[in-house]
Each structure stands twice: as C-alpha cells, then as structure tokens.
Amino acid sequence: MFLYIAIQKDGNTGYGVTVPALPGCFSYGDTLEAAITNTKEAIQFHLEGILEDGEEPVIEQISLDNLINNSDYAGAQWFGVEVNIDHLTLKPERFNVSWPKYILDKVDQYVLLTHDNRSNFLAKAALDRINHLS
C-alpha cells in the first residue's frame, strides 16, 4: 500500500515523521533515510498492535492536496512510501495441519473445558510462543 508521510525537522534535531492515514503512527530518524526506513517499520508495528487488540485496521488515505493545505502539517516535507500490509488483517485463512491423534484429542478436551475452539486455541498458542521468543 502507498502511504503519504509528513517529515519535519526542527533545528538540530532529527527528523520526526507522521503518517496521516494512521492516526497515532509516528516515527523518527537521525537522517532522512533512517526516518523513512524507521517509518516503514513503525507502520507495520502500529498495524500489528491494532490487530492484537482484536480490531481491523482502518487506513484513511487523504489526498496529497488536502494534506499539503492542512495547517497541522505546515512546513512538512511529503514523501510516499510503499509498505506491504496485505497480510495484516483479521480475515481468517484456511490451512491444513496434520497432528498425531493423541495431541488432537488433548486439544479437543482442553477447548471443551475452556469453551474455545481448535482454531482460536491454535492461534493463541502460536502467538504466545512467538511472544515468548522476543
């Protein structure tokens, strides 16, 4: 997805970046190049946070003309960045797994007790494991 970013530099500081299409998404860099690279990472991180909160991200791309004329961004330099965010969605995707029967039986017993389902259990277990590696 193509997103506009506003980059501002004040005096001897680095470059501050705002992503108008994603309220609350900000970044920074000591150089212009670092600011752009860091902003691409910040966009991914911001969207992942929204997903982890159980919400589908809403991206409201505003026209460049409207952004340039918006007093909130007075003095900003405008850049466009391309960020692959197609995978950042809550939309379910079907896939196959093969487990030994005894493990599947244990999962079924567990989800029955917790009023959950296999898919949700697997998703939570995967995220728990991934989060504990960090």
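This is a short tour of one protein chain, stop by stop, for use with a viewer.

**Setting out**

The model is predicted. Start with the whole chain in view. Colour residues 2–82 one way and residues 101–132 another: the domain assignment calls these domain 1 and domain 2. How far apart are the centres of domain 1 and domain 2? Taken over C-alpha atoms, 37 Å separate them.

Now select residues 5–126. UniProt, in an unreviewed entry, places the feature "domain: HicB-like antitoxin of toxin-antitoxin system" there. Over this stretch the chain is 40% helix and 16% strand. The C-alpha atoms at the ends of the stretch are 33 Å apart.

**The largest core**

Select Leu3, Val19, Leu22 and Ile43. These are the residues with the most contacts inside the largest nonpolar core, which has 18 residues. Which elements give two or more residues to this core? They are β1 (2–9), β2 (15–18) and α1 (32–52). Helix α1 supplies the largest share, five residues.

Centre on Val19. Leaving out residues up to four places away in sequence, Val19 touches Leu3, Tyr4, Ile5, Cys25, Thr39 and Ile43. Keep Thr39 in view, as it is the next stop but one.

Select Ala6, Tyr73, Ala76 and Trp78. They are included in a second, separate core of five residues.

**Along helix α1**

Go to Thr39, which lies in helix α1. Is Thr39 buried or exposed? Thr39 counts as buried, because its relative accessibility is 0%. Show what surrounds this residue. Thr39 touches Ile5, Val17, Val19 and Ser27, again not counting residues up to four places away in sequence.

Stay in helix α1 and move to His46. His46 has a relative accessible area of 19%. The cut-off for buried is under 20%, so His46 is buried. Which residues does His46 contact, leaving aside neighbours within four places in sequence? They are Leu22, Pro23, Gly24 and Cys25. Leu22 is also one of the residues with the most contacts inside the largest core. Cys25 is also among the residues that Val19 touches.

**Rings**

Next, show the aromatic side chains. The structure holds three aromatic pairs. Two of them are on this tour.

Select Phe2 and Tyr4. Their rings form an edge-to-face pair, 5.2 Å centre to centre, with 85° between the planes. Phe2 is partly exposed, with a relative accessible area of 40%. Tyr4 is one of the residues touched by Val19.

Now jump to Tyr110 and Phe121. This pair is tilted: 5.3 Å centre to centre and 55° between the planes. Which helices does the pair link? Tyr110 is in helix α3 (residues 101–114) and Phe121 is in helix α4 (residues 118–133). The two residues are 11 residues apart. Tyr110 counts as partly exposed, at 43% relative accessibility. Phe121 also counts as partly exposed, at 22%. Buried would need a value under 20%.

One more ring is worth a click. Select Lys9 and Tyr15. The charged end of Lys9 sits over the ring of Tyr15, 5.1 Å from the ring centre.

**Loops**

Stay with helices α3 and α4 and select His115, in the loop between them. Its phi is near 55°, a positive value in a residue other than glycine. Is His115 buried or exposed? His115 counts as exposed, because its relative accessibility is 73%.

Move to Ser63, in the loop between α1 and α2 (64–68). Ser63 is partly exposed, with a relative accessible area of 37%. Draw a distance from Ser63 to Ile130. They are 67 residues apart in sequence and 37 Å apart in space, C-alpha to C-alpha.

The last stop is Ala74, in the loop between α2 and β4 (77–82). Ala74 is exposed, with a relative accessible area of 55%. Draw a distance from Ala74 to Gln8. How far apart are their C-alpha atoms? The separation is 9.0 Å, for two residues 66 residues apart along the chain.

Definitions and conventions: Residues are numbered from 1 along each chain as its sequence is written. This is a predicted model: local features need pLDDT of at least 70, side-chain atom pairs count only at pLDDT 80 or more; totals for chains, interfaces and linings use all residues. Side-chain values use heavy atoms; hydrogens and water are left out. A nonpolar core is a set of buried Ala, Val, Leu, Ile, Met, Phe, Trp, Tyr and Cys residues joined through side-chain atoms within 4.5 Å. Buried means under 20% relative accessible area, exposed over 50%, partly exposed in between (1.4 Å probe, protein chains only). Helices (H or I, at least four residues) and strands (E, at least two) are DSSP runs, numbered from the N terminus. Contact means heavy atoms within 4.5 Å. Rings of Phe, Tyr and Trp (its six-membered ring) pair if their centres lie within 6.5 Å; planes under 30 degrees apart count as stacked, over 60 as edge-to-face and the rest as tilted. A charge sits over a ring if NZ of Lys or CZ of Arg is within 6 Å of the ring centre and within 35 degrees of the ring normal. Domain bounds come from an automatic or database domain assignment. UniProt positions are given in the numbering used here, feature names are shortened, and annotations may be inferred rather than shown by experiment.
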